[in-house]
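Here is a short walk through a structure, taken one part at a time.

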Amino acid sequence: MFAVIGIKTFDFINDIGRFAKFFWQSTIVSLNCFLRAKAYPLIRTQMNIIGVRSVPVVMITGAFVGMTLAIQAYDQLAGMGLEERLGVLINISVVKELGPVLAAIMLAGRIGGALTAELGTMNVTEQIDAVRSMGTDPIRYLVAPRILALLLLTPILIIYTDLMGILGGYFISVIQFGINSKAYWSYSASFVELWDVAIGVVKGFFFGVAIAAISCYKGFTCKEGAQGVGQACTEAFVSSFVSILALNFALAIIFKAIYFTFWPIKSIV
Amino acid sequence: METENENKTKAKNEHNSIIEVKSLIKKFKNKLVLDKINLNIEKGKTTVVIGPSGCGKTVLLKHLIVLLRPSSGEVYFNNDRIDDLKEKELDKIRTHYGFLFQGGALFDSLSVRDNIIFPIDQHYKITDWKQIDELVKSKLAMVGLDGYQNYYPAKLSGGQRKRVALARAIALNPDIILYDEPTTGLDPIRSDIINEIILKLQRELQITSIVVTHDMKSAYKVADRIVMLHNGKIVADGDADYIRNHPHPVVQQFINGQVDEDDLALLRMKGTMSQAQFLPSDFVQ
């Protein structure tokens, strides 16, 4: 049994090492691609697949998150006579945490799985070897455009999620529960800062890169056969999901430390 | 022990070799796939590598273009060592190669035209698209598929896919083409079309070809030289007549397509094929 645990641990560490190498190569190549006009058509194609077609999904996610938060929080706040502040709770939660995280998870499912399946199929049908055999770096041709597309589009998709979350919350709070519209917006505006919105959007850059890098890596290293591709897709989603949550935690600590450094008095108040 | 014929072939090839493999060993985890392979590929000739499935033919082929790295040993292209080069350095070397993969490995998302343009677009700045379209037309004409430019790989038959893949492999006018099982999965007529194309490319463009196959009809038709691999080692190396008359029993068994006594003994085992083996015990007709 100890031998099995030892082998599994060794394999896991090995896999982390291989991913780190892949990630480093992909980062360098992506930076090069960003500066080369020849790569732009590839990035544009991926942006269309990844971004434009994901807009409805993330908007629906945002709307339901906002509406659910309103339904859940109304009773508690109304009990204390603070229902007009419902917008603060909904909007802070949406723009800072739930919007970015849930949009990223939706993207991990919709885009990450598709990326892994596409690259995994290319791998098992020797298309990636074909790219290499023609003197082209498969990371430059296949991985970099996908990383750049997700890096650039995830923050924009998060803005869509935030907007729909805010509108969903407003719809339930004002139309359904009859909260005064002016008070709802005025409290929201005074408590939700640009900093809170910025945190959510900046998180998008990290989440986008994590989803793309993990999904492409799993596709590149997937085992042969339909079962291999299926397994790679599952692993890609689970790894992306865990990475999003872990990154969200780490970024929360970092952003809090930055906030305290630059606005120490404001945070105490 | 090497025969006189094999020594002559080696000596002749060393003078005019485009690819040279020295003491190549390849292991996957603990499994030895290639065991100290030494091979010289003569410029402008067609070398066919034969051997039973799983003997390491494709692995050897992928080492010649360094898609796989050797566990030990060396690979040379035009007398320059290439197995230790970085991927970026290899990209330039690989433009001298064309590789026909077993399943074609065409890019599903690209049309036939875009598949053929792909290697050109990767290495040259295309300014005159009319000229490129003419080039695509001529490459497709060479494989008998002019007019299929706007088709997608999914709409093509297995043979057509291989021919388009071949057109893509010759897009950069390579010095050498590696064919991985070019006739596998094709009917005899389509197989012969592929054989004729291989011969035509060698005749008209003086391209060096290395063909991995277990189709002996194809091997005899296209080969200037046949190399047989068995258990990761070269067991025979010479022209078609030499291979036909080779005394090694493994070579004779393979080229004549005969099962050996061990396989027959397994098939003769009592009850192996009986219905009882395949049906549940409570099965009632």
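Two residues are in contact if their C-beta atoms, placed from the backbone, lie within 7 Å. Between the two chains, the contact takes 11 residues from chain A and 17 residues from chain B. The side of chain A that touches chain B has 2 nonpolar, 5 polar and 4 charged residues; here Ala, Val, Leu, Ile, Met, Phe, Trp, Tyr, Cys and Pro count as nonpolar, Asp, Glu, Lys and Arg as charged, and the others, Gly among them, as polar.

The model is predicted: local features need pLDDT of at least 70, side-chain atom pairs count only at pLDDT 80 or more, and totals for chains, interfaces and linings use all residues. Residues are numbered from 1 along each chain as its sequence is written, while chains are lettered from A and ligands numbered from 1 in the order in which they are written.

Within chain A, helix H4 (residues 86-124) and helix H8 (residues 194-220) pack at an angle of about 15°, with their axes 8 Å apart. Helices are DSSP runs (H or I, at least four residues), as are strands (E, at least two), numbered from the N terminus. Axes are lines fitted to C-alpha atoms, for helices over the stretch in contact, and angles run from 0 to 180 degrees between N-to-C directions.

In chain B, 9 of the 12 residues of H6(B) are buried, so this helix is largely enclosed by the rest of the structure. A residue is buried if 20 or more other C-beta atoms lie within 10 Å of its own. Among the buried residues of H6(B) are B:Arg161, B:Val164 and B:Leu166. The buried residues of H6(B) pack against strands E6 (97-100) and E7 (176-180) and helices H4 (112-123), H5 (129-142) and H7 (188-205) of chain B.
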